[in-house]
Amino acid sequence: MDIKSVLAGLVRQAMAESNITTDKSVTARPSARPEFGDYQIDSMMAIGKSQGQNPLQLAERIAAQLMNNKQCKEIIARAEAVKPGFINLFLNDGWLQYQTGLALNDARLLVEKQPAQHVVVDYSSPNVAKEMHVGHLRSTIIGDASVRTLEFLGHKVTRVNHIGDWGTQFGMLIACLEKAENDGDISLSDLEGFYRAAKKLYDEDPEFALKARRYVVKLQQGDEYCRRMWHKLVDISMTQNQKNYDRLGVSLSSADIRGESSYNAMLPEIVNDLLERGIATEEADTVMVYLESYRNKQGDPMGVIIRKQDGGYLYTTTDIACAKYRYQTLHADRILYYIDARQHQHLMMAWEIVRRAGYVPPSVSLEHHKFGMMLDREGKPFKTREGGTIRLSELLEEAVVRAHKLVSEKSPHLPAAELRELSEIIGIGAVKYADLSKNRITDYVFDWDLMLSFEGNTAPYIQYACARISSILRKAELIQPQGDPVVTSLKFTSDTERSLAVKILQFEEALLAVAREGMPNIMCSYLYELASLFSGFYAASPILNHDQPQERQSRLALAALTGRVLRQGMDTLGLRVPERM
Ligand code: ARG
């Protein structure tokens, strides 16, 4: 249930009943302070202005009309117009108690399935024959959280791992792989080293460079040997990446790979089409498209090359093709790209061409969900001490080692196997959550101590809240007389219980916001607030030793429901939660 739209609907209805028509939108949002009610409507300011009416009087009229309506009064206990034209809405306790009871008995926690869209999500997308590094972490896990959220809301999602598996570097890589095989040394466990070795040979050995360039041409012509070697490189590389995905709990598999190479056959057609329709122009064997939105220093439209003089295509050409494919072949309703902010201009340019050519209609959105860099504590790009990129696999290993140390100090009595599992859950969870909980658009500082802390907006804090709830429920099972009443509707006896219930019922709002903006940090903040409210409730209200069975049941139910929302929320983020810790 999306309380926001329920309330906005009631207000629209009250406006219709008062014969007020408007093309302005009516929205509700959670109030900033309890004295402003649970939700606030601020739309009357704009509506009043547009109709030449005093906003406060308008707000008063609508507030009165709301309270005139029987159906409305079941949901809203009080509607209050305040200067300069807000309507503060106070939800009815009875309604909240009833809804929480419904949530308790609903496997989806009252989250409705949305009218399904087909959403194509481009994420992770590393380059082949290079090891995944920390830069790929963000795209991989933010993209995956977005995918899981969309799926939970009922959308059809196609994951696309748009790997960099094409380009002139493959000539040199094939030549190097061939040499390694001849030398009987093909353990490509160190891809980074392999890539560097290939580059070194290419730069220093003219014979090797010549061969490498020949292999590029042969590969593009579909030469069987080159294709086979290329396949091998892609396989080795993606098998290694899959290990990272598995350890991270990322839902990508080999079936989701659709790399740059797969659009290769489309490129000549596209360039010809753009030329024929006068969108592209050919100058000295180079094919260009001049863009309206991008101007050079002289103020003239800026040109983008889509086919080089030697006939080669570019990253931009591939992105034109892949957008076209995602709409025309996959029939996407919405296409999301989780890519580094530094590629923003590249995407905007490719999409300007896509739109002009009509390859994707305006009704289908192309969205760049960009993100900033990972920085170290000094605010510099996150690198090894030697200035190299940090391998993702090493980062994850370090996270688990650190978590292991922490957990063995905190819970020295745990059996070794459980300790190992818990370290994995906490360590990987901490790294993922630290990233997911930041607004993706800005750079963020990677800080081991902060992310592994049991206090604040961290994975361990939320995981701990879940484990504590599980422990309460286990104890309840032990001490509870079988005859306790079954809960269908809850009963709040304190403000903390009420606040907790309101938060629980806002789960769908958080999910919808994440799905719309592709910003999992909204879910993290929500879960953190929920877990904090639970801590407050737990500290203030006895649960297990409450002497009234009815109230004990209600509080237990609230605890159980909190636990389920926390777990479901963590699941949409791709995070695991332990039963005990
Ligand atoms: N392989 C690219 C990189 O590592 C990212 C590709 C993103 N997707 C796309 N459709 N351009 O930078």
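**Entry: the model.** I am working with a predicted model.

**Entry: the ligand site.** I looked up which residues are around the ligand. I found Asp122, Ser125, Asn127, His136 and His162 among them. Tyr315, Asp319, Tyr337, Ile339 and Gln343 are also around the ligand. I then sorted the shell by class: three residues are nonpolar, five are polar and two are charged.

**Entry: polar atoms at the ligand.** Next I checked distances. Ser125 uses its backbone: an N or O atom there lies 2.9 Å from a nitrogen atom of the ligand. For Asn127 I looked at the side chain, where a polar atom lies 2.8 Å from a ligand nitrogen atom. Gln343 also has a polar side-chain atom 2.8 Å from the ligand, but from an oxygen atom. I then looked up the cover: on its own the ligand has 350 Å² of accessible area, and the protein covers 88% of that.

**Entry: helix H15.** This helix runs over residues 416-436. I checked its length. At 1.5 Å a residue, its 21 residues should span 30 Å. The end C-alpha atoms are 30 Å apart, so the two values agree. I also found a kink of about 25 degrees, centred on Ala430. Is H15 largely enclosed or open? I noted 15 of its 21 residues as buried, so H15 is largely enclosed by the rest of the structure.

**Entry: Arg356.** I placed Arg356 in helix H13, residues 344-357. Its relative accessible area is 37%, so I noted Arg356 as partly exposed.

Definitions and conventions. Residues are numbered from 1 along each chain as its sequence is written. This is a predicted model: local features need pLDDT of at least 70, side-chain atom pairs count only at pLDDT 80 or more; totals for chains, interfaces and linings use all residues. Side-chain values use heavy atoms; hydrogens and water are left out. A residue is near a molecule or strand if one of its heavy atoms lies within 4 Å of it. A polar contact is a pair of N or O atoms within 3.5 Å; within protein, one must be able to donate a hydrogen and the other to accept it, and residues adjacent in sequence count only if both atoms are side-chain atoms. Accessible areas come from the Shrake-Rupley method with a 1.4 Å probe; for residues, only the protein chains shown count as cover. Ala, Val, Leu, Ile, Met, Phe, Trp, Tyr, Cys and Pro count as nonpolar, Asp, Glu, Lys and Arg as charged, and the others, Gly among them, as polar. Helices (H or I, at least four residues) and strands (E, at least two) are DSSP runs, numbered from the N terminus. The expected span of a helix is 1.5 Å times one less than its number of residues. The bend at a residue is the angle between axes fitted to the seven residues ending there and the seven starting there. Buried means under 20% relative accessible area, exposed over 50%, partly exposed in between (1.4 Å probe, protein chains only).
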